[in-house]
Amino acid sequence: MKIPLNKRPIWKTLKAHYLEVRKMHLRELFADDQNRGKHMCAEAVGIYLDYSKNRITDETLKLLVQLAIESGLHTRIEDMFRGEKINVTENRSVLHIALRAPKGASIIVDGKNVVPEVYAVLDKMADFSNKIRSGSWKGHTGKHIKNVINIGIGGSDLGPVMAYEALKYYSDRNVQFRFVSNIDGTDFAEAVNGLNPAETLFIISSKTFTTLETMTNAHSARTWLLKGLGGNEKSVAKHFVAVSTNKTEVERFGIDTANMFGFWDWVGGRYSMDSAIGLSTMIAIGPENFRSLLNGFHRMDEHFRTTPFERNLPVLLGLLTVWYNNFFNAQTIAVLPYEQYLKRFPAYLQQLTMESNGKQVTSYGTRVAYQTGPIYWGEPGTNGQHSFYQLIHQGTKLIPCDFIAFSQTLNPIGHHHDMLIANVFAQSAALAFGKTSEELKANGTQKWLVPHKVFKGNRPSNTILAERLTAETLGTLIALYEHNVFTQAAIWNINAFDQWGVELGKALAQRIIPELGDKNKPKLAHDSSTNSLIRRYRKHKNV
């Protein structure tokens, strides 16, 4: 739809509605509707979403759903599931949903059903994972593999490390897993510290096998291995495998291409953790648990595809994001998992959300006249309560929050879990209802201290509650946010599946790298700031 979003009648209606409801307080909304907490909720595929503590009315929700309909969200969803090339700037299909489709499904790309290819890779991954887990795969010297190091960056790192931490409870504790992504040598040095090369396997994850950071770390790993195994080049094939599509470069590195796991250009990096990029995850938790993870993804996919918008979990979250981002001018969203295993989940979501929707032009290439992707951030509870919650409660910024919790703990110790969950419920209530000056005075607070202790409340939040953190639940939760992002992009009419913004800095870095170590004084042709910084660096380096 080429009419600018902010010029459409439904947008103007929402703007007028916002002016009517913006001063309503959640205390008032709950007082007027004693059943608000019961009917402003939705439940599907093991996820319960309480969205009652949002600054909305039934009319708000009705208008937001109408916005989704008029934005063509139904059509966009169907286009994605049909394999249409909705990544318009790269002329690609967007089919991470094919990675978790049932074995008998048919998803056509360029006239070919891609599902059999997906299962061929999954079966190959399962066979390799079982060899590592059983000990039948041995290193060059005949020793079992006790250490697996995943080398990647972006989606080739954030997904695997998040999934490993999230599902650590289910992992094989006879093998330790480490992850290297940063080109900073410290990352690699610490990852291999104390390890025996004869017992270490590296997974090199790079679609092109040319990614600067990944291949720099891969070559350092190769040097480290050869140094530890007497320089025998043949040892590389027993200690390295590749997740890539570039057979030539993989072979040149010394990796046996029989141990190369492929994927496809219709899988974006930040959507790839359930492809071969998840090889480290499968080794850690086993093929059966990995299949459960995929099943969780698929269940949420089907819910998103088939459920009416007013009961559709990802659509509801996406519409609420648009509501706060574009009408309340809320520029961030805090994701607060009250589950220590999900400590890397906010970092994972940062790439998923901000690399997807950090766009300033529409899919047609015209400049947007409204805010797009908000900033996502967060930390596990209750740690964050003793860090940044002060700003959320009493600061001047409006920060919508997503609380994530589980009714059952994987590690029952005394009353720990009841205390944890009590904090989830208490924080969302405190944010919503606050504490008035009258209440403080009635409790005997001294008059001069009252202003400092007032909580205005009216701070919105969602509470996402599931029964237990399992591999399937994790897949469901990740897909919930994937489709939340998709919904936002559909409303804003932006392409959530390219990432041209990461390219410029990478290209400039390639120009600068040789200038930093050139023993002949290079002729610098950058801006005055960059030139000065390069000269200062060279001086400190004594070049």
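When I say contact in what follows, I mean heavy atoms within 4.5 Å. With that in mind, and remembering that this is a predicted model, let me begin with Leu474, which, once its neighbours within four places in sequence are set aside, is in contact with Met162, Ala163, Ala166, Leu167, Leu293, Leu342 and Leu469.

Leu474 belongs to the largest nonpolar core, a set of 126 residues, and is listed there with Trp266, Trp323, Phe345 and Tyr481 as the residues having the most contacts inside it. The element that gives the most to this core is helix H20, residues 471-492, with 13 residues. Apart from that core lies another, of 25 residues, among them Ile151, Phe188, Met215 and Val236.

Let me turn to the sheets. One of them is an open sheet of 5 strands in the order E6-E5-E7-E8-E9, with parallel pairing, and its edge strands, each pairing on one side only, are E6 (176-180) and E9 (260-261). Within this sheet, strand E5, residues 147-151, pairs with E6 in the parallel sense over 5 bridges, and Ile149 has Arg178 as its bridge partner in E6. Helix H9, residues 212-228, packs on the sheet and touches E5, E6, E7 and E8 (240-243), its direction making about 160° with that of E7. Helix H8, residues 185-192, lies across E5, E6 and E7 (200-205), and runs at about 170° to E6.

There is also an open sheet of 6 strands, ordered E1-E2-E13-E12-E10-E11, and here the pairing is mixed. Its edge strands are E1 (41-44) and E11 (375-377), each of which pairs on one side only, while the twist from one strand to the next averages 15°. Strands E10 (residues 332-337) and E12 (residues 401-406) pair in the parallel sense over 4 bridges, with Asp402 in E12 as the bridge partner of Val335. Helix H17, residues 416-433, packs on this sheet, touching E12 and E13 (461-466), and its direction makes about 155° with that of E12.

Finally, a pair of helices: how do H13 and H14 cross, and at what angle? The axes of H13 (residues 287-306) and H14 (residues 313-326) come within 8 Å and cross at roughly 70°, and because angles of 65 to 115 degrees count as roughly perpendicular, H13 is roughly perpendicular to H14. On the H13 side the contact is made by Met300, His303 and Phe304, and on the H14 side by Leu313, Pro314 and Val315. Taken by class, this contact has 5 nonpolar residues, 1 polar residue and no charged residues.

Definitions and conventions
Residues numbered from 1 in each chain as written. Predicted model: local features only at pLDDT ≥ 70, side-chain atom pairs only at ≥ 80, totals over all residues. Heavy atoms only, no water. Pairing = 2+ DSSP bridges. Helix = DSSP H or I, 4+ residues; strand = E, 2+ residues; numbered from the N terminus. Axes fitted to C-alpha atoms, helices over the stretch in contact; angles between N-to-C directions. Parallel < 35°, antiparallel > 145°, perpendicular 65-115°, else oblique. Nonpolar A, V, L, I, M, F, W, Y, C, P; charged D, E, K, R; others polar. Core = buried A, V, L, I, M, F, W, Y, C linked by side-chain atoms within 4.5 Å. Buried < 20%, exposed > 50% of the residue type's maximum accessible area, 1.4 Å probe, protein only.
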